[in-house]
Amino acid sequence: TALAVVCPKTTEEVSCVVRLCAEHQIALIVQGGNTSLCAGASPDTSGQQIILNLRRMRHLRQIDADNACMICEAGMPLAEAQDHAEEAGLLFPLSIASEGSATIGGTISTNAGGLNVLHYGTMRRLVLGVEAVLADGSVWSDLRQLRKDNTGYPISSLLAGAEGTLGIITAASLSLSPRPSSYTTVMVGLDDPDQAMEALRKVRQLTGEAVTAWELFNHVSADILAEAPVGKTLPLARAHPWYLLGELSNFGSDASRGDELIEALASVFDEIGLDDAVPAQSEGQRADLWALREAITEAERACGTSLKHDVSVPISAIAGLARDMTAACAKLNPDLRLNVFGHVGDGNLHVNVLPLKRGEPIPAKLTEDATRMIYDATHAAGGSFSAEHGVGQTKLAEMTRYKDPVALQTMRRIKTALDPDNLLNPGRLLP
């Protein structure tokens with residue numbers, strides 16, 4: 001419920017709206033593609049907040065192949081930014097399931113992660129600078145495309161991940177990378193998640209920085225993929241408790257490098273004892289393998305409303321966390337299915353609890369117990385209850401429970417300094 005929805009087309013129009021709202025003490029809720037999983041872009045129920053949607057601000061202001069960067073407006077969909085980079089012969093590597101709708105501004109504000117963080121880093125690492133409207137309507141801009149600027153506080157990095165609470169990002173200068181000349185992609189069955197971590201360590205020793213994605217998912221993911229309406233089966237010889245989808249990128253013109261990467265994978269898998277593996281023999285087969293990984297979310301949705309968790313731990317702890325949470329969940333209720341999948345190369349797992357019966361809600365007590373078990377186990381392992389989805393409105397209580405009090409106090413001081421009237425995305429991020 002909103003007082004109004006405003007869709008500006010320029011930074012100047014955003015500035016005018018913010019100044020007007022500051023004058024009349026009206027809160028602004030900033031929206032991009034509206035794909036938040038934590039209610040980060042939803043107004044409250046008062047009907048007194050204005051939605052500021054940036055979907056009309058989607059221009060490519062500049063692309064510079066020599067400097068390997070581009071300047072995009074905040075409302076540009078992520079997939080569109082990827083296309084612009086490709087047209088220039090370069091790569092914008094951020095890749096997430098919602099990239100057709102999620103926008104540049106939103107992915108910066110939430111510091112989005114996705115499939116390729118292992119190699120390229122999160123969105124914050126890809127941002128060279130931003131343009132933003134601050135709470136008083138003033139415009140701060142740093143779109144100079146510098147890789148080095150040691151002249152004070154990194155304001156752009158501060159706004160990245162701030163979920164719109166410190167300023168409204170209207171444009172960004174983004175770092176681009178060389179496009180891989182080819183990919184080596186493989187799916188393999190595992191007995192234990194430890195094998196995924198051991199394989200990652202050994203493959204990186206043999207191939208250096210060639211590993212660009214390393215995805216893990218469990219048998220529950222495979223089971224629901226095979227169910228209607230998705231109806232997709234894995235191209236392996238038999239069923240396994242866990243599965244790995246790994247990808248290595250070949251940079252440069254050496255065609256034989258792809259064969260070397262396949263040989264490296266084969267030698268590692270043989271050493272570990274992984275004998276059920278399927279490599280992609282063509283770009284079409286590569287697309288088919290990734291389509292299976294991307295369809296996990298669709299398959300889960302078909303089961304009904306699940307309980308979603310997005311956690312991260314040090315990479316060395318991820319196998320133990322996956323195993324321990326699965327066992328603990330079975331103790332809560334032996335019929336409860338835990339759908340575990342994620343980006344193990346950077347320590348990020350999605351741990352989602354499926355309904356006991358298709359289409360029926362998970363009982364409230366079980367919801368509470370499962371969530372507390374997952375977050376407590378993550379915290380004990382030195383991890384975070386939010387790896388890439390942000391905090392929004394739904395995880396405020398977890399900020400109070402798990403965040404360092406000194407860090408919270410520091411964040412509140414920064415918020416007060418930049419938005420003293422609490423008009424930018426109030427009720428998000430900070431409890």
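## Basis

This is a predicted model: local features need pLDDT of at least 70, side-chain atom pairs count only at pLDDT 80 or more, and totals for chains, interfaces and linings use all residues. Residues are numbered from 1 along each chain as its sequence is written, and side-chain values use heavy atoms, with hydrogens and water left out.

## Aromatic pairs

The structure holds 4 aromatic pairs. Rings of Phe, Tyr and Trp (its six-membered ring) pair if their centres lie within 6.5 Å; planes under 30 degrees apart are stacked, over 60 edge-to-face, the rest tilted. Tyr 375 and Tyr 402 are edge-to-face, because their ring centres are 6.3 Å apart and their planes stand at 75°.

Tyr 375 lies in helix H12 (residues 364-380) and Tyr 402 in helix H13 (residues 396-402), so the pair ties together parts 27 residues apart in sequence. Helices here are DSSP runs of H or I, at least four residues; strands are runs of E, at least two; both are numbered from the N terminus. Tyr 375 is buried at 5% relative accessibility. Tyr 402 is buried too, at 12%. Buried means under 20% relative accessible area, with a 1.4 Å probe and protein chains only. Ring pairs also bring in Phe 385, giving a cluster with Tyr 375 and Tyr 402.

## Charge over a ring

The charged end of Arg 286 sits over the ring of Tyr 183, 3.7 Å from its centre. The cut-offs: NZ of Lys or CZ of Arg within 6 Å of the ring centre and within 35 degrees of the ring normal.

## Asp 142

Asp 142 lies in the loop between strand E8 (139-141) and helix H6 (155-159). Asp 142 counts as buried, at 17% relative accessibility.

Key:
Buried means under 20% relative accessible area, exposed over 50%, partly exposed in between (1.4 Å probe, protein chains only).
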